[in-house]
Amino acid sequence: PIKSASAEISAAFFNLAKKWHPDRLGPEYGSVKDEAVKLFAKMTEAHQTLTDDEKRRNYDELVKDGGGTEAEQEEVNKIMNAVVAYQKATVYYRKGNLAEAEELAKQARDGDPGQSEYTALWVQCVSQRPERAAKGDYRDLIELMDEAVKKEPENERVRMARGELLKRAGKLDQAVADFRWVA
């Protein structure tokens with residue numbers, strides 16, 4: 001039997017939903033749950049658009065007129081790759097594999113520079129390099145974390161990461177202020 005395009009789209013969506021629904025992600029992905037919720041909302045919107053005849057016609061017109069361009073799709077892919085890289089980096093970081101975590105956190109940060117948590121994780125990795133500890137110079141990393149906190153002042157992970165960095169840099173009063181804020 002031949003499936004309709006709508007049925008094929010629905011089947012594909014439900015297969016993806018089984019894997020990517022935010023409630024199905026394990027606790028190791030808790031740090032990217034907000035991004036997963038946003039991504040799943042976009043997937044749901046796409047499913048609704050592509051399976052509704054009128055919405056599909058409107059979408060096809062938009063694409064025909066130059067909307068939904070290849071550049072926009074590339075941007076979406078870049079962000080999706082950043083989310084995955086961040087998830088993997090978080091797992092490696094928790095396992096103590098700082099080199100792998102650093103590389104993946106850099107990929108995430110480069111892929112979606114607006115995400116302060118990506119910067120925070122990268123800084124956490126870089127700040128623990130033995131050569132950094134030997135020099136004890138963390139000024140550049142502190143500047144990055146200050147910018148990240150400025151961008152997302154209510155983000156607990158970013159504040160905690162900055163507190164850890166400030167502690168490592170010997171700026172205990174400032175570190176305690178961040179730790180208190182998180183607590």
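Me: What volume does the second largest pocket have?

Reply: Keep in mind that this is a predicted model. The second largest pocket has about 220 Å³. It is lined by 13 residues, and those closest to its centre are Tyr86, Tyr93, Leu121, Gln124 and Arg157. Two or more lining residues come from each of α4, α6 and α9.

Me: What makes a residue count as part of that lining?

Reply: A lining residue has an atom within 4 Å of a pocket point. By class, the lining of the second largest pocket holds 6 nonpolar, 3 polar and 4 charged residues.

Me: And how much space is in the largest pocket?

Reply: About 1100 Å³. Its lining has 28 residues, with Leu39, Lys42, Met43, Ala46 and Val76 nearest the centre. α2 gives the most, 10 residues, and the lining splits into 14 nonpolar, 7 polar and 7 charged.

Me: Why are α9 and α10 called roughly antiparallel?

Reply: Their axes cross at roughly 155°. Angles over 145 degrees count as roughly antiparallel, so α9 and α10 get that label. The crossing is left-handed, and the two axes come within 8 Å.

Me: How do you know that α9 and α10 meet, and which residues do so?

Reply: Contact means heavy atoms within 4.5 Å. On the α9 side, the residues that meet α10 include Glu156, Arg159 and Met160; among their partners in α10 are Leu172, Phe179 and Trp181. This contact has 7 nonpolar, 2 polar and 6 charged residues.

Terms used:
Residues numbered from 1 in each chain as written. Predicted model: local features only at pLDDT ≥ 70, side-chain atom pairs only at ≥ 80, totals over all residues. Heavy atoms only, no water. 1 Å grid on protein atoms, 1.4 Å probe; cavity = no way out; pocket = protein on both sides within 12 Å on 5 of 7 lines; lining within 4 Å. Points joined across faces, edges and corners; volume = space filled by probe spheres on them. Helix = DSSP H or I, 4+ residues; strand = E, 2+ residues; numbered from the N terminus. Nonpolar A, V, L, I, M, F, W, Y, C, P; charged D, E, K, R; others polar. Axes fitted to C-alpha atoms, helices over the stretch in contact; angles between N-to-C directions. Parallel < 35°, antiparallel > 145°, perpendicular 65-115°, else oblique. Left-handed = near helix turned anticlockwise from the far one by under 90°.
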